[in-house]
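Work through these exercises with the model open beside you. Try each task before you read its solution.

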Amino acid sequence: MPNDVKATLSVLSLIVAAILAYWRGSPIRPDFSTYIMVTAFFFVVAMWVFPEAGGKKGDTKKGLSGGPNG
């Protein structure tokens, strides 16, 4: 994922989490506001630290025709 998309998604995620955690009319219980913010922060950090899942370059699956001789 490109860095500008990750940055935008990170900011939006933290804003939504803050709104849900601290808005008086939120469906989230006020007791859980700290947990909401910690979880959102953890998710954002994990998105930046861990790479996306993907295959190796040049890794093509050959011989998947279904027969015993490929």
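**Exercise 1**

Is Ala-21 buried or exposed? Work it out, then trace its surroundings.

Solution. Keep in mind that this is a predicted model.

Step 1. The relative accessible area of Ala-21 is 8%. Buried means under 20%, so Ala-21 is buried.

Step 2. Ala-21 belongs to helix 1, which covers residues 3-22.

Step 3. List its contacts, leaving aside neighbours within four places in sequence. Ala-21 is then in contact with Ser-33, Ile-36 and Met-37.

Step 4. Take one of these partners, Ser-33. Ser-33 sits in helix 2, residues 33-49. Its relative accessible area is 11%, so Ser-33 is buried.

Step 5. Look from the other side. With neighbours within four places in sequence left aside, Ser-33 is in contact with Ala-21 and Tyr-22.

Step 6. Compare chain and space. Ala-21 and Ser-33 are 12 residues apart along the chain, and 4.4 Å separates their C-alpha atoms.

**Exercise 2**

How many helices and strands does the chain have?

Solution. 

Step 1. Count the elements. The chain has 2 helices and 0 strands.

Step 2. Turn to burial. Of the 70 residues in the chain, 13% are buried.

Step 3. Turn to contacts. Take those between residues at least 6 apart in sequence. Of these, 43% join residues at least 24 apart.

**Exercise 3**

Solution. 

Step 1. Begin with Lys-6, in helix 1. At 13% relative accessibility, Lys-6 counts as buried.

Step 2. Leave aside neighbours within four places in sequence. Lys-6 is in contact with Met-1, Met-47 and Trp-48.

Step 3. Go on to Ala-7, also found in helix 1. Its relative accessible area is 33%, so Ala-7 is partly exposed.

Step 4. Find the distance. Ala-7 and Trp-48 are 41 residues apart in sequence, and 9.0 Å apart in space from C-alpha to C-alpha.

Step 5. Finish with Leu-14 in helix 1. This residue is partly exposed, at a relative accessible area of 28%.

Step 6. Do not count residues up to four places away in sequence. Leu-14 touches Met-37, Ala-40, Phe-41 and Val-44.

Step 7. From Leu-14 to Thr-39 is 25 residues in sequence, and 9.8 Å from C-alpha to C-alpha.

**Exercise 4**

Which residues make the nonpolar surface patch of about 420 Å²? Check how open Ile-19 is.

Solution. 

Step 1. Name the members. Val-11, Ile-15, Ile-19 and Trp-23 make the patch.

Step 2. Read its accessibility. The value for Ile-19 is 46%, so Ile-19 counts as partly exposed.

**Exercise 5**

How many aromatic pairs does the structure hold? Classify each one.

Solution. 

Step 1. Count them. There are 2 aromatic pairs.

Step 2. Take Phe-32 and Tyr-35. Their ring centres are 6.2 Å apart and their planes are at 55 degrees. Planes under 30 degrees apart count as stacked, over 60 as edge-to-face, and the rest as tilted. Therefore the pair Phe-32 and Tyr-35 is tilted.

Step 3. Take Phe-42 and Phe-43. Here the centres are 6.1 Å apart and the planes are at 50 degrees, so this pair is tilted.

Step 4. Phe-32 is partly exposed, with a relative accessible area of 35%. Tyr-35 counts as exposed, at 56% relative accessibility. Phe-42 and Phe-43 are exposed.

**Exercise 6**

Which side chains meet in a salt bridge? Say how exposed each one is.

Solution. 

Step 1. Recall the idea. Side chains of opposite charge can pair when their charged atoms come close.

Step 2. Search the whole structure. There is 1 salt bridge.

Step 3. Name the partners. Asp-31 and Arg-29 meet through their side chains, at 3.0 Å from N to O.

Step 4. Exposed means over 50%. Asp-31 has 52%, so Asp-31 is exposed. Arg-29 has 49% relative accessibility, so Arg-29 counts as partly exposed.

Technical notes: Residues numbered from 1 in each chain as written. Predicted model: local features only at pLDDT ≥ 70, side-chain atom pairs only at ≥ 80, totals over all residues. Heavy atoms only, no water. Phe/Tyr/Trp six-rings, centres within 6.5 Å; stacked < 30°, edge-to-face > 60°. Buried < 20%, exposed > 50% of the residue type's maximum accessible area, 1.4 Å probe, protein only. Helix = DSSP H or I, 4+ residues; strand = E, 2+ residues; numbered from the N terminus. Contact = heavy atoms within 4.5 Å. Patch = residues over 30% accessible without salt bridge, like charges linked within 9 Å, V, L, I, M, F, W, Y side chains within 5 Å. Areas by Shrake-Rupley, 256 points an atom, 1.4 Å probe, with all protein chains shown as cover. Salt bridge = Lys/Arg side-chain N within 4 Å of Asp/Glu carboxyl O.
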